[in-house]
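Could you look over the charged side chains of this model with me? My notes are set out as numbered points below.

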Amino acid sequence: MIAYTIRRLLAAIPILVVSSFIIFWVASMSADPIRQRFEGRNPPPPAATIQLERERLNFDAGFFRQYWDWLWGLVVHQNFGPSINSAMDIGGELGRRTVITLRLVLLAMILALVLAVVTGVLSAVRQYSKLDYTFTFLGFLFLAMPSFWLAVVLKQGAIAFNDSVEGSLNRRPIPTINHEASVVPEDFWPRMMDIGLHMVLPTISLALITYAALSRFQRSSMLEVLNSDYIRLARAKGLSARRVMVRHALRTALIPLTTVSALGIASILGGAVVTETVYQWRGMGDLLVNAVRDQDRYVTMGWLLVAGLFVIIGNLVADLLYAVLDPRIRYE
């Protein structure tokens with residue numbers, strides 16, 4: 001399995017290079033960020049100032065030279081390139097923002113998977129019952145909701161709840177904006193509590209949208225497994241219902257969900273962009289929005305590179321989990 005993992009990681013390198021080249025090409029075709037930055041200033045900046053900025057950002061070189069310089073600096077010097085904001089260290093900013101987004105995305109994904117497995121299994125076991133119809137309705141309801149709309153509704157609901165109980169509790173129990181925008185306690189446990197409270201609303205927003213699609217896959221997969229011949233044989237041999245359900249049916253039914261979850265990493269990252277904007281969560285989503293607004297090419301490239309790594313690692317983890325869920329699968 002170690003050799004397989006190394007091969008997969010090595011195979012990901014050309015994928016990242018090709019995708020980065022395409023993204024760099026698309027980004028280079030957008031409007032000139034330097035012109036946008038200095039346009040309309042009165043008095044206009046000297047031509048020498050504009051030329052120095054172009055040289056700093058390497059915009060005076062040809063396209064292939066720009067891409068090669070960026071790729072060489074990234075591989076050899078771990079330098080993501082210069083930002084429009086000269087004071088920004090792109091690598092350091094990406095590292096800080098990635099940690100903030102990861103704790104949000106991972107917690108939301110775990111919550112979504114737990115909800116999807118529980119509701120999907122219960123719906124399959126009690127097919128066409130009131131419980132099944134209820135979970136089906138909720139699944140399609142959250143699936144149809146735009147992520148930004150659900151985030152705004154939850155935020156406004158929390159604000160209304162805070163206003164109604166603030167007088168009796170002398171505090172606002174549900175924070176509705178990013179913890180980094182407020183005063184953060186210095187002690188460890190109070191700080192963890194503060195971060196946890198601020199993660200409640202964005203985590204629920206991301207988890208509900210993600211769980212809706214996963215629960216439908218889990219229900220469909222569970223129904224297919226329950227109607228298979230080997231499950232009928234296990235029941236005929238007198239195995240307990242719990243053992244048949246957990247050790248045979250559920251274990252097999254989790255394989256398709258693992259595949260869908262790995263493919264859903266890109267979508268949950270996209271949802272995180274919207275969710276972080278609504279809740280002022282200063283993570284990767286906020287960084288991407290600002291980079292696109294300022295046409296900051298190298299920040300955008302760094303963001304997409306990190307997102308691509310997340311997708312590749314997620315798919316690798318899913319492949320490795322297949323061997324855990326299905327003993328017949330072995331990676332040599």
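The points that follow take up the salt bridges and then a charged surface patch.

1. This is a predicted model, in which local features need pLDDT of at least 70 and side-chain atom pairs count only at pLDDT 80 or more, while totals for chains, interfaces and linings use all residues. Residues are numbered from 1 along each chain as its sequence is written, and side-chain values use heavy atoms, with hydrogens and water left out.

2. A search of the whole structure finds 9 salt bridges, a salt bridge being a side-chain nitrogen of Lys or Arg within 4 Å of a carboxyl oxygen of Asp or Glu. One of them pairs Glu93 with Arg96, with the closest N and O atoms 2.8 Å apart. Both residues belong to helix α5 (residues 90–125), where they are 3 residues apart, or about one turn of the helix; helices are DSSP runs of H or I with at least four residues, numbered from the N terminus. Glu93 is buried because its relative accessible area is 18%, whereas Arg96, at 36%, counts as partly exposed (buried means under 20% relative accessible area, exposed over 50%, and partly exposed in between, with a 1.4 Å probe and protein chains only).

3. Arg97 forms a salt bridge with Asp286, the closest N and O atoms being 3.1 Å apart. This pair links distant parts of the chain, since Arg97 is in helix α5 and Asp286 in helix α12 (residues 284–294), 189 residues apart. Arg97 and Asp286 are both buried.

4. Asp132 and Arg219 form a further salt bridge, in which the closest N and O atoms are 2.9 Å apart. Here too distant parts of the chain are linked, with Asp132 in helix α6 (residues 130–144) and Arg219 in helix α8 (residues 188–226), 87 residues apart. Asp132 counts as buried at 1% relative accessibility, and Arg219 counts as buried at 13%.

5. Lys237, Arg243, Arg247 and Arg251 form a positive surface patch (patches are made of residues with over 30% relative accessible area and no salt bridge, like charges being joined within 9 Å and nonpolar side chains, namely Val, Leu, Ile, Met, Phe, Trp and Tyr, within 5 Å). Of these residues, Arg251 has its place in helix α10 (residues 241–263), and Arg251 counts as partly exposed because its relative accessible area is 31%.

How values were computed:
Areas by Shrake-Rupley, 256 points an atom, 1.4 Å probe, with all protein chains shown as cover. Lys, Arg positive; Asp, Glu negative; His and termini not counted. Charge placed at Lys NZ, Arg CZ, Asp CG, Glu CD. Helix = DSSP H or I, 4+ residues; strand = E, 2+ residues; numbered from the N terminus.
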